[in-house]
Amino acid sequence: MQDDGFFDEAVAATYDDDEASNDPAEIERIVAWLAELAGNGPALEFAIGTGRIALPLARAGVEVVGIDLSRPMLRRLRSKPGGDAVRATIGDMTSTRLGQTFSLVYLVFNTINNLTTQAAQVACFENAAAHLEPGGAFLIEVGVPPLQRLPEGETLIAFELNATHWGVDEIDVVSQRFSSHHMQISGKGIEHRSIPFRYVWPSELDLMARLAGLTLFHRWGGWQQEPFTARSRSHVSVWRKSD
(Lines give C-alpha, C1' and ligand atoms only; values in the text may rest on other atoms or scores of the structure.)
Protein backbone atom coordinates (compact mmCIF):
# COMPACT_ATOMS: atom_id res chain seq x y z
CA MET A 1 0.00 0.00 0.00
CA GLN A 2 1.29 3.47 -0.90
CA ASP A 3 2.52 5.47 2.09
CA ASP A 4 1.32 9.04 1.56
CA GLY A 5 3.15 10.21 4.66
CA PHE A 6 1.18 12.78 6.64
CA PHE A 7 -0.51 14.13 3.51
CA ASP A 8 -3.31 11.63 3.15
CA GLU A 9 -6.75 12.09 1.60
CA ALA A 10 -8.10 14.02 4.58
CA VAL A 11 -5.22 16.51 4.55
CA ALA A 12 -5.22 16.86 0.77
CA ALA A 13 -8.94 17.62 0.75
CA THR A 14 -8.46 20.86 2.71
CA TYR A 15 -4.85 21.71 1.79
CA ASP A 16 -5.83 24.56 -0.54
CA ASP A 17 -8.18 26.17 1.99
CA ASP A 18 -5.41 28.14 3.72
CA GLU A 19 -5.91 31.72 2.53
CA ALA A 20 -2.50 32.92 3.70
CA SER A 21 -0.62 30.45 1.48
CA ASN A 22 -2.84 31.22 -1.51
CA ASP A 23 -2.59 35.00 -1.51
CA PRO A 24 -2.59 35.99 -5.22
CA ALA A 25 -0.10 38.83 -4.79
CA GLU A 26 2.35 36.60 -2.93
CA ILE A 27 2.01 33.81 -5.49
CA GLU A 28 2.64 36.32 -8.28
CA ARG A 29 5.88 37.41 -6.58
CA ILE A 30 6.99 33.81 -6.07
CA VAL A 31 6.26 32.84 -9.67
CA ALA A 32 8.05 35.89 -11.08
CA TRP A 33 11.18 35.08 -9.06
CA LEU A 34 11.15 31.38 -9.95
CA ALA A 35 10.59 32.14 -13.63
CA GLU A 36 13.58 34.48 -13.62
CA LEU A 37 15.78 31.81 -12.02
CA ALA A 38 14.58 29.14 -14.43
CA GLY A 39 15.27 31.30 -17.48
CA ASN A 40 14.71 29.24 -20.61
CA GLY A 41 15.18 25.92 -18.83
CA PRO A 42 12.81 23.55 -17.06
CA ALA A 43 12.12 23.67 -13.31
CA LEU A 44 11.73 20.83 -10.83
CA GLU A 45 9.60 21.26 -7.73
CA PHE A 46 10.28 18.98 -4.77
CA ALA A 47 7.02 18.26 -2.87
CA ILE A 48 4.89 19.73 -5.64
CA GLY A 49 1.67 18.99 -3.75
CA THR A 50 -1.55 20.30 -5.28
CA GLY A 51 0.30 22.65 -7.63
CA ARG A 52 -0.12 25.88 -5.67
CA ILE A 53 3.09 27.23 -7.26
CA ALA A 54 3.70 24.80 -10.13
CA LEU A 55 0.50 25.58 -12.02
CA PRO A 56 0.90 29.38 -12.18
CA LEU A 57 4.59 28.89 -12.96
CA ALA A 58 3.65 26.64 -15.88
CA ARG A 59 1.13 29.26 -17.06
CA ALA A 60 4.01 31.75 -17.01
CA GLY A 61 5.74 29.66 -19.67
CA VAL A 62 8.10 27.54 -17.57
CA GLU A 63 8.22 23.79 -18.10
CA VAL A 64 7.53 22.40 -14.62
CA VAL A 65 8.14 18.87 -13.38
CA GLY A 66 7.41 17.69 -9.85
CA ILE A 67 8.07 14.98 -7.28
CA ASP A 68 5.73 14.24 -4.38
CA LEU A 69 5.17 11.37 -1.98
CA SER A 70 1.41 11.83 -1.71
CA ARG A 71 -0.97 10.37 -4.28
CA PRO A 72 -3.98 12.35 -2.94
CA MET A 73 -2.08 15.62 -3.34
CA LEU A 74 -1.11 14.77 -6.92
CA ARG A 75 -4.67 13.75 -7.77
CA ARG A 76 -5.78 17.25 -6.87
CA LEU A 77 -3.02 18.78 -8.96
CA ARG A 78 -4.07 16.73 -11.99
CA SER A 79 -7.74 17.63 -11.52
CA LYS A 80 -7.07 21.38 -11.72
CA PRO A 81 -7.12 23.38 -14.96
CA GLY A 82 -3.70 23.01 -16.55
CA GLY A 83 -2.79 20.08 -14.33
CA ASP A 84 -2.09 17.89 -17.35
CA ALA A 85 0.67 20.31 -18.40
CA VAL A 86 2.76 19.49 -15.31
CA ARG A 87 4.52 16.13 -15.23
CA ALA A 88 4.46 14.87 -11.64
CA THR A 89 6.05 11.69 -10.30
CA ILE A 90 5.27 9.81 -7.11
CA GLY A 91 8.52 9.62 -5.18
CA ASP A 92 10.78 10.78 -2.37
CA MET A 93 12.54 14.11 -2.85
CA THR A 94 15.62 12.71 -1.10
CA SER A 95 16.22 9.91 -3.58
CA THR A 96 13.95 9.84 -6.65
CA ARG A 97 15.95 10.53 -9.82
CA LEU A 98 14.19 11.63 -13.00
CA GLY A 99 16.97 11.14 -15.51
CA GLN A 100 17.11 14.75 -16.68
CA THR A 101 18.60 18.03 -15.49
CA PHE A 102 16.97 21.37 -14.73
CA SER A 103 17.97 25.00 -14.56
CA LEU A 104 16.03 25.33 -11.29
CA VAL A 105 15.07 23.03 -8.43
CA TYR A 106 12.88 24.58 -5.73
CA LEU A 107 11.36 23.59 -2.40
CA VAL A 108 8.97 26.07 -0.79
CA PHE A 109 6.59 26.50 2.15
CA ASN A 110 8.88 25.10 4.87
CA THR A 111 8.88 21.65 3.28
CA ILE A 112 12.58 20.96 3.97
CA ASN A 113 11.39 20.61 7.59
CA ASN A 114 9.23 17.63 6.63
CA LEU A 115 12.47 15.66 6.44
CA THR A 116 12.90 14.77 10.09
CA THR A 117 16.60 13.83 10.17
CA GLN A 118 19.71 15.75 9.22
CA ALA A 119 20.75 12.87 6.97
CA ALA A 120 17.51 13.15 5.00
CA GLN A 121 17.95 16.90 4.61
CA VAL A 122 21.51 16.38 3.36
CA ALA A 123 20.20 13.79 0.90
CA CYS A 124 17.65 16.30 -0.36
CA PHE A 125 20.46 18.73 -1.23
CA GLU A 126 22.39 15.95 -2.92
CA ASN A 127 19.33 15.00 -4.97
CA ALA A 128 18.75 18.62 -5.95
CA ALA A 129 22.38 18.98 -7.07
CA ALA A 130 22.13 15.76 -9.10
CA HIS A 131 19.18 17.26 -11.01
CA LEU A 132 20.81 20.63 -11.69
CA GLU A 133 22.59 21.55 -14.86
CA PRO A 134 25.87 23.50 -14.44
CA GLY A 135 25.03 26.99 -13.18
CA GLY A 136 21.57 25.86 -12.09
CA ALA A 137 19.92 27.10 -8.90
CA PHE A 138 18.38 25.38 -5.88
CA LEU A 139 15.89 27.54 -3.96
CA ILE A 140 14.43 26.88 -0.51
CA GLU A 141 11.83 28.88 1.41
CA VAL A 142 11.77 28.02 5.13
CA GLY A 143 11.18 29.58 8.51
CA VAL A 144 13.95 30.56 10.90
CA PRO A 145 13.85 28.35 14.03
CA PRO A 146 11.76 30.38 16.51
CA LEU A 147 13.90 29.73 19.57
CA GLN A 148 14.17 33.42 20.45
CA ARG A 149 10.44 33.27 21.22
CA LEU A 150 10.78 30.17 23.41
CA PRO A 151 11.09 30.99 27.15
CA GLU A 152 13.82 29.09 29.00
CA GLY A 153 12.65 25.63 29.94
CA GLU A 154 9.49 25.79 27.82
CA THR A 155 8.77 23.59 24.81
CA LEU A 156 5.51 25.00 23.37
CA ILE A 157 4.89 27.94 21.02
CA ALA A 158 1.40 28.79 19.76
CA PHE A 159 1.52 29.85 16.11
CA GLU A 160 -2.22 30.26 15.56
CA LEU A 161 -5.15 30.65 17.93
CA ASN A 162 -8.55 31.56 16.53
CA ALA A 163 -12.16 30.43 16.73
CA THR A 164 -11.67 27.41 14.45
CA HIS A 165 -7.99 26.48 14.66
CA TRP A 166 -5.46 26.11 17.43
CA GLY A 167 -1.91 25.50 16.29
CA VAL A 168 0.94 24.73 18.70
CA ASP A 169 4.54 23.72 17.99
CA GLU A 170 6.18 21.37 20.51
CA ILE A 171 9.95 21.81 20.22
CA ASP A 172 12.88 19.62 21.25
CA VAL A 173 15.99 21.82 21.15
CA VAL A 174 18.32 18.81 21.56
CA SER A 175 17.23 16.88 18.46
CA GLN A 176 15.98 19.94 16.52
CA ARG A 177 12.77 18.03 16.02
CA PHE A 178 9.36 19.52 16.63
CA SER A 179 5.75 18.54 16.18
CA SER A 180 3.05 20.87 14.93
CA HIS A 181 -0.20 20.09 16.73
CA HIS A 182 -3.39 21.22 15.01
CA MET A 183 -6.76 21.32 16.74
CA GLN A 184 -9.48 22.04 14.17
CA ILE A 185 -12.79 23.09 15.70
CA SER A 186 -16.07 22.60 13.84
CA GLY A 187 -19.66 21.60 14.41
CA LYS A 188 -18.45 18.01 14.49
CA GLY A 189 -16.23 18.70 17.48
CA ILE A 190 -12.44 18.98 17.76
CA GLU A 191 -10.17 17.12 15.37
CA HIS A 192 -6.52 16.75 16.37
CA ARG A 193 -3.56 15.87 14.19
CA SER A 194 0.19 16.19 14.67
CA ILE A 195 2.93 16.35 12.05
CA PRO A 196 6.64 15.83 12.87
CA PHE A 197 9.34 18.15 11.51
CA ARG A 198 13.01 19.02 11.95
CA TYR A 199 14.03 22.67 12.02
CA VAL A 200 17.27 23.67 10.36
CA TRP A 201 19.42 26.78 10.67
CA PRO A 202 20.47 28.89 7.65
CA SER A 203 24.15 28.16 8.32
CA GLU A 204 23.35 24.45 8.53
CA LEU A 205 21.65 24.64 5.14
CA ASP A 206 24.75 26.34 3.72
CA LEU A 207 26.90 23.46 4.92
CA MET A 208 24.50 20.94 3.38
CA ALA A 209 24.73 22.90 0.15
CA ARG A 210 28.53 22.87 0.25
CA LEU A 211 28.53 19.09 0.77
CA ALA A 212 26.39 18.81 -2.37
CA GLY A 213 28.65 21.06 -4.43
CA LEU A 214 26.44 24.15 -4.24
CA THR A 215 27.36 27.72 -3.24
CA LEU A 216 25.13 30.35 -1.61
CA PHE A 217 24.06 32.93 -4.18
CA HIS A 218 21.31 34.91 -2.41
CA ARG A 219 19.50 34.95 0.93
CA TRP A 220 16.53 37.20 1.52
CA GLY A 221 14.08 37.65 4.39
CA GLY A 222 11.09 36.84 2.17
CA TRP A 223 9.62 36.87 -1.31
CA GLN A 224 9.72 40.66 -1.49
CA GLN A 225 13.51 40.31 -1.37
CA GLU A 226 13.73 42.19 1.90
CA PRO A 227 17.11 41.93 3.69
CA PHE A 228 17.68 38.89 5.87
CA THR A 229 18.35 40.09 9.43
CA ALA A 230 18.44 38.81 13.00
CA ARG A 231 14.73 39.63 13.23
CA SER A 232 13.68 37.71 10.11
CA ARG A 233 11.09 35.00 10.74
CA SER A 234 11.86 33.19 7.47
CA HIS A 235 14.23 33.25 4.53
CA VAL A 236 14.38 32.47 0.84
CA SER A 237 17.83 31.14 -0.06
CA VAL A 238 19.34 30.30 -3.43
CA TRP A 239 22.43 28.16 -4.00
CA ARG A 240 24.06 27.59 -7.37
CA LYS A 241 25.88 24.67 -8.91
CA SER A 242 29.26 25.62 -10.34
CA ASP A 243 29.57 25.93 -14.12
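# Exercises on salt bridges, cores and domains

Arg219 and Asp206 form a salt bridge (a side-chain nitrogen of Lys or Arg within 4 Å of a carboxyl oxygen of Asp or Glu), with their closest N and O atoms 2.7 Å apart. The pair links distant parts of the chain, since Arg219 belongs to strand S10 (residues 214-220) and Asp206 to helix H6 (residues 202-211), 13 residues apart. Helices (H or I, at least four residues) and strands (E, at least two) are DSSP runs, numbered from the N terminus.

The model is predicted: local features need pLDDT of at least 70 and side-chain atom pairs count only at pLDDT 80 or more, while totals for chains, interfaces and linings use all residues. Residues are numbered from 1 along each chain as its sequence is written, and side-chain values use heavy atoms, with hydrogens and water left out.

**Exercise 1.** Classify Arg219 and Asp206 by accessibility.

Solution. 
- Step 1: apply the cut-offs, where buried means under 20% relative accessible area, exposed over 50%, and partly exposed in between (1.4 Å probe, protein chains only).
- Step 2: Arg219 has 19% relative accessibility and therefore counts as buried.
- Step 3: Asp206 has 23%, so Asp206 counts as partly exposed.

**Exercise 2.** Describe the largest nonpolar core and the surroundings of Phe125.

Solution. 
- Step 1: a nonpolar core is a set of buried Ala, Val, Leu, Ile, Met, Phe, Trp, Tyr and Cys residues joined through side-chain atoms within 4.5 Å.
- Step 2: the largest has 28 residues, and those with the most contacts inside it are Phe46, Ile112, Phe125, Phe138 and Leu214. Elements giving two or more residues to this core include strand S1 (43-46), helix H5 (118-131) and strand S5 (132-143). H5 gives the most, with six residues.
- Step 3: leaving out residues up to four places away in sequence, Phe125 is in contact (heavy atoms within 4.5 Å) with Phe138, Ile140, Leu205, Met208, Ala209, Ala212, Leu214 and Trp239.

**Exercise 3.** Locate Trp201 and list its contacts.

Solution. 
- Step 1: Trp201 sits in the loop between strand S9 (189-198) and H6.
- Step 2: Trp201 counts as partly exposed because its relative accessibility is 31%.
- Step 3: not counting residues up to four places away in sequence, Trp201 touches Pro145, Leu147 and Gln176.

**Exercise 4.** Characterise the interface of domain 1 and domain 2.

Solution. 
- Step 1: the domain assignment, automatic or from a database, gives domain 1 (9-144 + 200-241) and domain 2 (147-195).
- Step 2: the domain centres, taken over C-alpha atoms, are 24 Å apart. The contact takes nine residues from domain 1 and seven residues from domain 2.

Methods:
Buried area is the accessible area (1.4 Å probe) that two parts lose on being put together, summed over both.
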